[in-house]
Amino acid sequence: MRGSLRRKILTWTLLPALSVFVVVAAVGYFAAQALAEDLVLDRDRELARLSAAEVSASIQEYPELLSGVARDLTAGGETNDDLARALAAAANRLTYFDGGVVLLDNLGRVLAALPDDPAALGGDWSARPVFRQIIQNPNRPAFSDIATAPPATTDAPEGPLTIDVAVPVLTARNELRGVLVGRFLVGADVVNPLYGTLLRLRLDSKGEAHVIDSAGRLIYASTGDAAGDSFTDHPVAAAALSRASGALRTPTADGREVLASYSPIPNTSWNLVIEEEWATLMAPLRRYTAGLSLLLSLGIILPALVVAGGMQRITRPINALVEASRQVARGDFGRTVTAPTGDELETLAEQFNSMSAELQASYAQLEQRVADRTRELQTVLGVSRQVASTLELPPLLSQILDRLREVVDYRFARLFIMEGDTPVLLEERGETVALADVYYLGALPETEAVLSRGEPLLLADTGQPSPFVDHLRRVAAERDNPDLMDTIGSILSLPLMARERRVGIMTLVHGQRGYYTSQRVEVAMAFAAQAAVAIENARLFADVGERVAQLRVINQVSQSIAGILDLDGLLRETAALIHQRFGYYHVGIALVEGDYVVYRAGAGQLVSDEGEILFSPNRLRIGKEGLTGRAAATGLVLLSPDVSRDRRYVPLAGLSTRSEVVVPIKSKELVIGVLDIQSERLDDFDESDVDLLRSLANQLAVAIENARLYGQAGQLAALEERQKLARELHDSVSQALYGIALGTRTARTMLDRSAIDAATQAKLAEPLDYVLAQADAGMAEMRALIFELRPESLQSEGLVAALRKQTAALGARHQIPVATEFGPEPELSLTQKEMLYRVAQEAMHNIVKHARATSAEVRLVVENGRVIMEVCDNGQGFDMTQEFPGHLGLKSMRERVERGGGLLTIASAPAEGTRIQVKVALPAEAGVAV
């Protein structure tokens, strides 16, 4: 039943369009609002962090000024009077500190002050945080919270509010002689260099800025709030005092909504808070709302225009009917009208066409022959045009059979494309019957000879005796369909020739005997000639397109691996990309290591989910074993279409390889590795694959060299820094500890030889023995630290000796008993030994810092061709399903092991301790099977 035109117009145009636009507008608005809020939060969080870092860098000039003065104080002598005179002489250099300068001794007592204040001399500053920070870490200046100068007497009033900056005063022997403290006044009306520095930074350029100390008191406020006031009632105060960076959207006391971003100021206990108006930040979103309103307006206008166009489509068929009626009245009886509207107009057009057809029936037979010939020529012309316009093979083949039926009818047709010398059925039309693969009659030598010459093969009447018909009847009988040939009248097979080469075969079958006449064969041959050219062009276009696609993928792979500077990560990523982008059955990448080529990465069945290579064998002798070894020796590409017939092939256990290609990876004409590609199909690689893989190998060679150079540079830099630090520790701290121990032993010996009574000797011996024990422990720890900084000692002393020292130091320093099991020294490279030592060092550090363990165990043994190292403890363990942001120990362990070619396993649970195991395969040269 046909529906109303008005209802169709409303249903097909206005309602769907309006619904879609409303949904799109709503979703777009809310998505944009959510995205804008996230971007603003991230931006303000980063702004606060960068501003805090800028504040920290700017105020470092004041401890640097104090440090310069502190170094000069002991130049004229180290007595209290000498220091006081030196401080008075440096008064003009300390004018920045408007709150004065105080010199403390190493016990926190005031030695001198600027300006001179006799009442302050002897005051005790030992409990003040700024003094304790210097005592605990003399290598780093200290910035205090807002402080009050202690009164000179118990009944004196407290001094003004200040910010204290302290640096250590060291003697020529690098011993702590005292602490130099510079003081800045804090207050609403105070003008001093510290406030000038904060003003120059323009912290309020993005909003209102506050600098608060760790107690939540204001040091600086761009809003004019008084310094020293409490900031703890602010909504963001708790988050800011947590020493984290972040941003919080919150209302203010006066009802405004602001975005407060906060961050700790490095090297101080202070925090920075910046507030911005939320309405100002969201102003761009209002412009988006205006655009959305415009879009909604268009959503109403455009459907209205579409409705107007639809009405025009309705009136156009009506006008066509009127014009056609006029033409019929003038004698044009073949006039027809097409109106596929599905409603009353289509019914009217069908009735008009029926009337026109009945009027034209008397003229049809006279014009039939001319029309047939014209149609044949038009079809052939259409194929010629198709050659120039269609370059994709599947749609071209489909159109060839469809267009052919317009000039030469068939019951069913089959189109074969030659793959080598074998025809492959790609397209068919008409009935689906058996024997589709033999209709071109190429199974007989006689028919194949005719088709190879480019001549058509015609069986005009299958009822006439013929060797070809007899052949088809035998085949039909063998396939349990003996009556099939009785339903077939004519068969025509046409070779598709292009450049004197057969590119395909087209077979037409008709139920009427004698249907394929010489005239129809002539038309069909002309059609076949055009179709052959089209097929050849489409194949050439497909080959070019495939090559372009390959080059595009090569470029993508090159861009993906160009920035990877870790060698193992580079090889894994490259193998995965080649396997993913080109769909090869198996991809392996091996590097030349000595006399062997060793597989370092792969993709396919023989790679575990964790990236572990399961190749067996995983190394081949260069020039003697496998296609891989031969390619590495000769530097030539080796292609094996059937590995079962190639004596050079060494199968990988677990693969069903049928063909293989191996491309050497060269750097400066030197083979540094090979790219091994295997397939489960015979003869699956050709010259295009070789060119593709050669390009990939060239790109990979450059990336490998870059990764190696980067790794060598990093190792050299780290080694030089460690050696420098080890020398400095040995020449300074270690010698000082040795002097303390030697002096203490001498004092202990003199005490034993003295004539002091036993009770007094015991009292004096106890502190001397304590100092001697601490000095010996410090020297032991210093030797262990120097060994850690000089990993090249592993080459001379060995990994087992290094682990023995580390476990002994753990027991001596932290009183944790350690059970050990050490086998013989493993035959590993120095890099792998250093990797195992660093992992064990990190694991024992975690035992001390996090595990709360009462015992530990360290094993280093060789089992089944692998070096196995285990570090266990009975501590509190942890939940392995949870993440621990900021704790990078486990991550660094895993990265070290992966770079060293090992496998790391971590097992732990709450209250069940932790077990860390590393496995590293021994090299084949060690005489152990891998």
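pLDDT is the predictor's confidence in each residue, from 0 to 100. The structure is a predicted model, in which local features need pLDDT of at least 70 and side-chain atom pairs count only at pLDDT 80 or more, while totals for chains, interfaces and linings use all residues. Residues are numbered from 1 along each chain as its sequence is written, and side-chain values use heavy atoms, with hydrogens and water left out.

**Confidence**

The chain has an average pLDDT of 77, and 74% of the residues score at least 70. Over residues 1–5 pLDDT stays under 50, and the model has 11 contacts (heavy atoms within 4.5 Å) for them beyond four places in sequence. Residues 925–930 also stay under 50, with 11 contacts beyond four places in sequence. Helices (H or I, at least four residues) and strands (E, at least two) are DSSP runs, numbered from the N terminus. Among the elements of the chain, the lowest mean pLDDT, 64, belongs to helix 9 (residues 344–389), and the highest, 94, to strand 24 (residues 866–873).

**Met-869 in strand 24**

Met-869 is placed in strand 24. With a relative accessibility of 1%, Met-869 counts as buried, a term for under 20% relative accessible area, with exposed meaning over 50% and partly exposed in between (1.4 Å probe, protein chains only). Leaving out residues up to four places away in sequence, Met-869 touches Leu-803, Leu-836, Val-839, Ala-840, Arg-859, Leu-860, Ile-916, Gln-917 and Val-918. Val-920 is 51 residues from Met-869 along the chain, and their C-alpha atoms are separated by 8.8 Å.

Strand 4 (residues 161–170) is largely enclosed by the rest of the structure, because eight of its 10 residues are buried. Strand 3 (residues 142–148) is mostly covered, with five of its seven residues buried. Two strands pair if DSSP finds at least two bridges between them. The pairings of strand 4 are listed below.

| Strands | Sense | Bridges | Residues standing opposite |
|---|---|---|---|
| Strand 3 and strand 4 | antiparallel | five | Ala-142 and Ala-166; Ile-146 and Ile-163 |
| Strand 4 and strand 5 (residues 176–185) | antiparallel | nine | Pro-168 and Val-179 |

The hairpin of strand 4 and strand 5 has five residues between the strands, and Asn-174 there takes a positive phi near 65°.

A cavity is a set of points, on a 1 Å grid over the protein atoms alone, where a 1.4 Å probe fits but cannot get out; lining residues have an atom within 4 Å of a point. Grid points are joined across faces, edges and corners, and a volume is the space filled by probe spheres set on the points. The whole structure holds two cavities of 30 Å³ or more. The volume of the largest cavity is about 70 Å³.

The lining of the largest cavity includes Tyr-599, Pro-617, Tyr-649, Glu-660 and Asp-676. Its residues divide into seven nonpolar, three polar and two charged, where Ala, Val, Leu, Ile, Met, Phe, Trp, Tyr, Cys and Pro count as nonpolar, Asp, Glu, Lys and Arg as charged, and the others, Gly among them, as polar. Helix 15 (626–634) and strand 21 (670–679) each supply at least two lining residues, and the largest share, three residues, comes from helix 15.

In helix 15, the buried residues are Gly-626, Leu-627, Thr-628, Gly-629, Ala-631 and Ala-632. They pack against strands including strand 16 (586–593), strand 17 (596–603) and strand 21. Just after helix 15, Gly-635 takes a positive phi of about 75°.

Conventions
1 Å grid on protein atoms, 1.4 Å probe; cavity = no way out; pocket = protein on both sides within 12 Å on 5 of 7 lines; lining within 4 Å.
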